[in-house]
Amino acid sequence: MATISVDMIKKLREKTQVGMMDCKKALIEANGDFDQAVETLRKKGAAVAAKRADNETNNGTIQATVAPDFRSGTLVEASCETDFSANTDAMRGFATTVAGHLLASDTTTTGDVSNNDEVAAIMGQDLHDTPGVSIQHKLDDLISKIAENIKVARFAKISAENSVVNAYIHPGSTLGVLVELSVEGQRPDDITALVQAAKDVAMQAAVTNPLCVNPDQVDADLLAKERALFADQLRAEGKPDQIIEKILPGKLNKFYEGACLHHQKFIKDEKQTITQMLDEVGKKAGCTVRIARFVRFAIGG
């Protein structure tokens, strides 16, 4: 039987972040073979995952990675059982690793946000910077440390050549937004102001939770319900129908100010709407800038 030294145990712990006793047991089981001990601990993580697969994962972390040229970005939600685990460096590091892999890979989604099949598909992919180690391997490693049901809940990826993409992660990492600003005309060489504007818009969406970007994107049924609600309120105030029809456009504009990102008051300067802020930024940069899309993830929502 191979001699298991303290240095071997420490080395395995440094690589896996698993407890010293578990590392020692894995090395003994592997008869001192380091790589086999790593695989043993991964299998342990997979076994824990199988046992806890039905446990609810109502906590988690949201992380983002944005390309250096700000033409693409990713947003990842990794979920787990407890708030304590969600706040660990290991959980945040795993979600960041997945986000970085997705940014570097050719992974795409059919919609703005991944579906269950697309999440399942990425789990078997080898990490872009670690051949032979898949996302599932990294997840098994994480579960062997934390011993909870952990999973990649969803992800988003935005790529656009003539746009500026940026993200905002709210303190606590339970809320994150990825934004694409489209540039009409030539994308400026100096995009510093556009990068900041994209982050400001992402922060705005994090705080206000808009339904969409523009009024024409509001669900028709929802709009009809809002219109009917406003009309009923005005009738209750004794307003005749002909007056109600004149008042309703103003009421709906107020609704759009809350629901539609372009129409919202800018949280950093409420004298401006988001559109006006973007007009100002675009004028200085020599282009026209608008919000093309945004993706907002919130743990539990």
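Which residues are linked with Asp69 in a network of salt bridges? In this predicted model, the network consists of Asp69, Arg71 and Glu161. Within it, the side chains of Asp69 and Arg71 form a salt bridge with an N to O distance of 3.9 Å. Asp69 has a relative accessible area of 36% and is partly exposed. Arg71 is likewise partly exposed, with a relative accessibility of 23%.

The structure contains 13 salt bridges. One of the pairs is Arg154 and Glu77, whose closest N and O atoms lie 2.5 Å apart. Glu77 is buried, because its relative accessibility is 8% and the limit for a buried residue is under 20%.

A salt bridge is also found between Glu245 and Arg227, at 3.1 Å from N to O. Here the two partners lie in helices: Glu245 in helix H10 (residues 241-259) and Arg227 in helix H9 (residues 220-236). The pair therefore ties together parts that are 18 residues apart in sequence. Glu245 is partly exposed at 47% relative accessible area, and Arg227 is partly exposed at 35%.

Charge on the surface was also examined. A patch of positive charge is formed there by Lys11, Lys15, Lys138 and Lys145. Helix H1 (6-16) and helix H7 (135-146) are the elements that each give two or more residues to this patch. Lys11 is located in helix H1.

Definitions and conventions. Residues are numbered from 1 along each chain as its sequence is written. This is a predicted model: local features need pLDDT of at least 70, side-chain atom pairs count only at pLDDT 80 or more; totals for chains, interfaces and linings use all residues. Side-chain values use heavy atoms; hydrogens and water are left out. Patches are made of residues with over 30% relative accessible area and no salt bridge: like charges are joined within 9 Å, nonpolar side chains (Val, Leu, Ile, Met, Phe, Trp, Tyr) within 5 Å. Accessible areas come from the Shrake-Rupley method with a 1.4 Å probe; for residues, only the protein chains shown count as cover. A salt bridge is a side-chain nitrogen of Lys or Arg within 4 Å of a carboxyl oxygen of Asp or Glu. Lys and Arg count as positive and Asp and Glu as negative; His and the chain ends are not counted. The place of a charge is taken as NZ of Lys, CZ of Arg, CG of Asp or CD of Glu. Helices (H or I, at least four residues) and strands (E, at least two) are DSSP runs, numbered from the N terminus. Buried means under 20% relative accessible area, exposed over 50%, partly exposed in between (1.4 Å probe, protein chains only).
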